[in-house]
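Visitor: Can you walk me through this one? I have a few quick questions.

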Amino acid sequence: PPPPPSQELINRHLITMVHIDHSENPDVPSEVDSYHSLFPLEPPPPPNRMQKTSNFSYITSCYKAVNSKDDMPYCLRRIHALVFSYDFHAGAETMFSRHFNDPSADSYFTKRKWGQHEPPQPRQHAGLLPESLIWAYIVQLSSALRTIHTAGLACRVMDPSKILITGKTRLRVNCVGVFDVLTFDNTQSNHLALMPQYQQADLVSLGKVVLALACNSLAGIQRENLQKAMELVSLNYSSDLKNLILYLLSEQSRLRSVNDIMPMIGARFYTQLDASQMRNDVIEEDLAKEVQNGRLFRLLAKLGTINERPEFQKDPTWSETGDRYLLKLFRDHLFHQVTETGSPWIDLSHIVSCLNKLDAGVPEKISLVSRDEKSILVVTYSDLKRCFDSTFQELQAAAAGSLTRNEN
């Protein structure tokens, strides 16, 4: 089963925070323009500089980096002359690496013989992808193209090696805009003149991606294998999927639009919408827990600035007297309780419960015992909240005053 959303977010955070040892990676620059903390996301370019990527016909490399202007991570795609900056999605993998990087997966398509007279194996035994997954991808990819085409632009990189997958099925298109820069022609007066042609090419590229997914093999999109590939689709998938692929790959007398495939998607769109909304509900439920955790963390951070403060306003006993003494005893009540035998009593639910009561300022009474156990103070959580708020405000006011004096 997939990890819960909270664990997935933790994993992404850990990936986002990862750094390299520059002494062991001297070829990776420490800074590029306003970006720092570069971390390679792909193997380094080959030593043989004649070997170029199949997509852009240039040597390329890819890094995670942090922008010093906003402290956010980005994905830097370096064409060895230019650097493109994109949103960074921790833990993403390409569609190629997830679905087309297993040589054994190609064997079903390349070696197996079949015909209309031969009953097909169930898809799960034939090594093919579930049709619902393919439609989930189609909805997202066609939506991406629809957004790009509506803006009067073209994607031009609809390729399994440039489609990112995060989580189970979330897709994003990587490297958009690279071809527009690499093929820019200053001599051309109307730079948008070729855009309709590029948009038509996008639809063909989408058709090839869908056909490759249906065959679970990139071999299926090679021209000599197209008929065999379409037979495989006819045997194993719905007529809607077959018709969608044929529409995208066939020559048309009129300009096609990505909107034309919507009738073929049909009610499957609602399936994807339902799945998305259900995932939103799960994530929102997890988020609600984290919002509470955030509130409790802020409470603890404020409490930490008050308790055991060595000196404040030239008074070394400030944190040990008045309201602050109550907060110190409350801190002991939270963290330093012991059992009858004197061993530490640790109960996270006790800590969370007490902090929530403090945050709400409930009228419930609480007994606070001094460290020498000679005195017991009975107060309400509302009393503690008043002490807590006024004390922290005192610290804040002093900090703001100090800042003002320093600025003057």
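Visitor: Where does Glu373 lie?
Guide: Glu373 sits in the loop between strand S9 (365-369) and strand S10 (376-380). Strands are DSSP runs of E, at least two residues, and helices are runs of H or I, at least four, numbered from the N terminus. This is a predicted model: local features need pLDDT of at least 70, side-chain atom pairs count only at pLDDT 80 or more, and totals for chains, interfaces and linings use all residues. Residues are numbered from 1 along each chain as its sequence is written, and side-chain values use heavy atoms, with hydrogens and water left out.

Visitor: Is Glu373 buried or exposed?
Guide: Glu373 counts as exposed, because its relative accessibility is 66%. Buried means under 20% relative accessible area, exposed over 50%, and partly exposed in between (1.4 Å probe, protein chains only).

Visitor: What about the phi of Glu373?
Guide: It is positive, about 60°, although Glu373 is not a glycine. Most residues other than glycine have a negative phi.

Visitor: Which loop holds Asn216?
Guide: Asn216 is in the loop between H7 and helix H8 (226-236). Its phi is also positive, near 55°. Asn216 counts as buried, because its relative accessibility is 8%.

Visitor: Switching to helices. How do H5 and H7 cross?
Guide: The axes of H5 (residues 131-150) and H7 (residues 195-215) come within 11 Å and cross at roughly 170°. Axes are lines fitted to C-alpha atoms, for helices over the stretch in contact, and angles run from 0 to 180 degrees between N-to-C directions. H5 and H7 are therefore roughly antiparallel; that word applies to angles over 145 degrees.

Visitor: What residues meet there?
Guide: From H5, they include Ile134, Tyr137 and Leu141; from H7, Leu206, Val210 and Leu213 are among them. The contact residues divide into 11 nonpolar, 3 polar and 1 charged. Ala, Val, Leu, Ile, Met, Phe, Trp, Tyr, Cys and Pro count as nonpolar, Asp, Glu, Lys and Arg as charged, and the others, Gly among them, as polar.

Visitor: What else does Leu213 contact?
Guide: Leaving aside neighbours within four places in sequence, Leu213 touches Met95, His99, Phe100, Leu129, Ile134 and Tyr137. Contact means heavy atoms within 4.5 Å. Leu213 counts as buried, because its relative accessibility is 1%.

Visitor: And H11, what is its span?
Guide: The end C-alpha atoms of H11 (residues 268-306) are 57 Å apart.

Methods
Angles under 35 degrees count as roughly parallel, over 145 as roughly antiparallel, 65 to 115 as roughly perpendicular and the rest as oblique. The expected span of a helix is 1.5 Å times one less than its number of residues.
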